[in-house]
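Here is a friendly briefing to read alongside the sequence and the 3D view. Keep both open as you go through the points.

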Amino acid sequence: WIWRVLWLATADFAKMAQGIPVTFSEVLNLPNLGVNSSCVKFGSCAMESDKFITVCDSTGGSPQVFVIDLAAGNAVTKRPISAEAAIMNPVSKVLALRAGTQLQIFNLELRAKMKSHNMTAGCVFWRWTSPNNIALVTPQSVFHWSIEGTTEPVKVFDRHASLAEGTQIINYQVSPDEKWCLLMGIAQGAGGIIQGTMQLFSIEKGVSQTLNGHTGCFHTIAVPGRAEPAQVLCFEEKKPDTPAKLFVMEVGRDKDAPGGVFRLAPVNIPVPADAPNDFPVAMTPSPKHDVLYMITKMGYLYLFDVFSGKALYRARVTQDTVFVTCQETATGGMLGITARKGQLLQVSLNEQTLVPYVVSTLRDNALAIALASRLNLPGADDLYQSEFHRLISMSDVAAAAKLAASLCAKNADHIAARDRFHMAADCYKHQKSKKFVAKKRRALLRAHTHDLIAKIMPRRARRLNRRALTL
């Protein structure tokens, strides 16, 4: 009977896992590859992209640096190098090493030193911000060091007083246009609660703004109705004695620019009741799906929709602390490494179950339709039909036509061509209603609907005349 219970529990778990909107797995285990588990921690282990993991091991008599090539079947290379920290270039086999104030950059394929520099102050945090630049954070300032030419590190800005001594720097991000910087730090506050502070710096204006929160990131989205993409800052805000909130706001765009500035109203983050003092340690955007992955100190995973700020999913995926994350290009998901245990975890959006989950669990049909339309996902066929007829019943023909047109524009193969054609026909028929008296509006609807029919079924549209559609 014990095996029967275990089998049923496993079956129930598998059934539950099939319905959640994410896929989750362990890619590899670093100790199984020969890495000392005590070295798998913040500072000694780094993952700048989904191509490489580096680990500095100085526990034995002979220090060495491990390089795990994730793109080459997790091949492990050991190099007898004495270093406190090592970070691999996000796209190429260029390795940066740090020992005290001494910095060096090597091209592993050419087996040649590219650059070196001796800092006047210690480096408390560093990372590659692009394939050509390394950010260096000292106790007082932030520097950028280009790997090209013979230039030395250049100071970008000074750390704000709120991120001074006693604050541990846990992350640093630079916007895609390289005009904005976000420095993130944590410190222990009253009652042992970990407080977060971020410093947002504008390189063009040379000014800083401090934000109450633990983590954030930059992301680029395509805003409907606007030709230019929006560069948004996404971050968690946590002020004392107030609920945590998610902010998504465009940066670097004039408020009077055509199309306006993209900005969401702050959205409360659904923190579980059993983890009131938990805090996020990383936020990773997905360019493929326009969602945010946020992981906390206690191992809770949050999934947010960038366009609405709504939480799509929350679950505790690990009992261990994930101390470093990065984007996974192939799936549009996220990779993360757990401290000590050295598990490389992978989480990504489940395109087959996201929309059904939003409908059945979140009970948000509008969000389900928005996600299905934007990402061309299955599971919203009935929702499209009901929403279309709702708009028609409200005489909102323009919105109904826009909905049908969006299905065609997204190549929604899961909506039958015949159903889409009937949608267009209904649009044309209802726009003939006596309710629409204004000539300009009727002309606009007529043109919009005829264009819609041509997009949906061009061959059939040529065979049918307008009078036939009104029958």
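Phe235 counts as buried because its relative accessibility is 3%; buried means under 20% relative accessible area, exposed over 50% and partly exposed in between, using a 1.4 Å probe and protein chains only. This is a predicted model, in which local features need pLDDT of at least 70, side-chain atom pairs count only at pLDDT 80 or more, and totals for chains, interfaces and linings use all residues. Residues are numbered from 1 along each chain as its sequence is written, and side-chain values use heavy atoms, with hydrogens and water left out.

**Aromatic rings**

- A pair of aromatic rings is described by the distance of the centres and the angle of the planes.
- Seven aromatic pairs turn up in a search of the whole structure; rings of Phe, Tyr and Trp (its six-membered ring) pair if their centres lie within 6.5 Å, and planes under 30 degrees apart count as stacked, over 60 as edge-to-face and the rest as tilted.
- Phe235 and Phe247 are stacked, because their ring centres are 5.1 Å apart and their planes are at 10 degrees.
- This pair links distant parts of the chain, with Phe235 in strand S19 and Phe247 in strand S20, 12 residues apart; strands (E, at least two residues) and helices (H or I, at least four) are DSSP runs, numbered from the N terminus.
- Phe247 is buried too, with a relative accessible area of 11%.
- Tyr302 and Phe304 also form a stacked pair, at 6.0 Å centre to centre with 5 degrees between the planes, and both residues are buried.
- One aromatic cluster is made up of Phe157, Tyr172 and Phe201.

**The loop between S19 and S20**

- Asp241 lies in the loop between strand S19 (230-237) and strand S20 (245-250).
- Is Asp241 buried or exposed? Asp241 counts as exposed, at 82% relative accessibility.
- Although Asp241 is not a glycine, it has a positive phi of about 60 degrees.

**Ser286 and its surroundings**

- Ser286 sits in strand S22 (residues 280-286) and counts as buried, at 0% relative accessibility.
- A polar atom of the Ser286 side chain lies 2.6 Å from the backbone oxygen of Gly332.
- Leaving aside neighbours within four places in sequence, Ser286 is in contact (heavy atoms within 4.5 Å) with His219, Val291, Tyr293 and Gly332.

**An open sheet**

- Four strands form an open sheet in the order S2-S3-S4-S5, with antiparallel pairing; two strands pair if DSSP finds at least two bridges between them.
- Strand S2 (45-46) and strand S5 (75-79) stand at the edges with a single partner strand each, so one side of each has no neighbour in the sheet.

Conventions. A polar contact is a pair of N or O atoms within 3.5 Å; within protein, one must be able to donate a hydrogen and the other to accept it, and residues adjacent in sequence count only if both atoms are side-chain atoms.
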